[in-house]
Amino acid sequence: MNIKILHMVEGAKDATGIAVIIDVFRAFTVEAYLMNNGAEKLMPVGDMDIAYKYKEKDNNCVLVGERHGKILPGFDFGNSPSQIQNVDFYGKTVIHTTSAGTQGIANAMNADEVLTGSLVNAKAIAEYIKQKNPEEVSLVCMGLEAKSQTEEDNLCACYIKSLLENEPMDLTDEIENLKVTSGAKFFDKTKQDVFPEPDFYLSTEVDKFNFVLKVEKDEKGMNYIKKISIGG
């Protein structure tokens, strides 16, 4: 198994085999909570205009997303796990767009399979990949707005790689260090409306969920997320 760690949109374009598009703060943490809370259909889209068009066609669908961290005008929720952790999405269609993570999905055209990646289901991702045993694995760190690398996405990639190599990392110190690096914004009192402190802890709750989120295409060729449980 050849494991590559790639970065941002160009990395997504270069991804082959099973691609894991990683966005810990916060896109794919949010998607894990959405699916755990019963969303019937979750559709990641790169273009916010597509999200608005879905809402025009079906006023019952839920819009979740951000640009520059802030909730988009007319959206139901921002890209915040603490906003949605206790919301019941049973039976709902959710449209999700973000600055980084969903852009990675949109550009991973050369991969055989695409999974979303976050710390909350990293072990499940590794187990799924082991079961598939592909020749190529591409761990794509989307970073900050898909423009610069971030510590949390790189850490998640390294953790998944360590699990695939049966040499699991202890993340305790690294997660604590995130509080003063890329996660510092969650502890800035002037930014709590955009980056609430609880989001940090929800995003770094390692291996909370025992499922993977796989990108599939519907009958119209649009991406949607399929939840696949791992193990018992």
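Predicted model: local features only at pLDDT ≥ 70, side-chain atom pairs only at ≥ 80, totals over all residues.
Residues are numbered from 1 along each chain as its sequence is written, and side-chain values use heavy atoms, with hydrogens and water left out. Helices (H or I, at least four residues) and strands (E, at least two) are DSSP runs, numbered from the N terminus.

Most residues other than glycine have a negative phi, and most peptide bonds are trans. Let's look at some exceptions. His 68 is not a glycine, yet its phi is positive, at about 55 degrees. You can find His 68 in the loop between strand 4 (62-67) and strand 5 (70-71).

Asp 207 also has a positive phi, near 60 degrees, and sits in the loop between helix 9 (197-203) and strand 9 (211-217). With 26% relative accessibility, Asp 207 is partly exposed. A cis peptide bond runs from Phe 25 to Arg 26, with omega near 10 degrees. Arg 26 belongs to the loop between strand 2 (18-22) and helix 2 (27-36).

## Two helices that cross

Two packed helices are described by the angle between their axes and the distance between the axes. How do helix 6 (residues 122-132) and helix 7 (residues 151-164) cross? Their axes come within 9 Å and cross at roughly 45 degrees. Here, axes are lines fitted to C-alpha atoms, for helices over the stretch in contact, and angles run from 0 to 180 degrees between N-to-C directions. Helix 6 is therefore oblique to helix 7 (under 35 degrees is roughly parallel, over 145 roughly antiparallel, 65 to 115 roughly perpendicular, and the rest oblique).

Contact means heavy atoms within 4.5 Å. On the helix 6 side, the contact is made by Ala 122, Lys 123, Ile 125, Ala 126, Ile 129 and Lys 130, and on the helix 7 side by Tyr 159, Ile 160, Leu 163 and Leu 164.

## A buried threonine

Thr 116 is part of strand 7 (residues 113-117). Is Thr 116 buried or exposed? Thr 116 is buried, with a relative accessible area of 1%. Apart from neighbours within four places in sequence, the contacts of Thr 116 include Val 20, Phe 28, Glu 31 and Ile 125.

## Rings in pairs

Rings of Phe, Tyr and Trp (its six-membered ring) pair if their centres lie within 6.5 Å; planes under 30 degrees apart count as stacked, over 60 as edge-to-face and the rest as tilted. This rule gives 11 aromatic pairs. Tyr 33 and Phe 209 are edge-to-face, because their ring centres are 5.1 Å apart and their planes meet at 85 degrees. This pair links distant parts of the chain, 176 residues apart: Tyr 33 in helix 2 and Phe 209 in the loop between helix 9 and strand 9. Tyr 33 is buried at 3% relative accessibility, and Phe 209 is buried at 7%.

Phe 187 and Phe 200 form an edge-to-face pair, 5.1 Å centre to centre with 65 degrees between the planes. Phe 187 is partly exposed, at 25% relative accessible area, whereas Phe 200 is buried, at 0%. Ring pairs also join Phe 25, Phe 186, Phe 187, Phe 195, Phe 200 and Tyr 201 into a cluster.

Definitions and conventions: Buried < 20%, exposed > 50% of the residue type's maximum accessible area, 1.4 Å probe, protein only.
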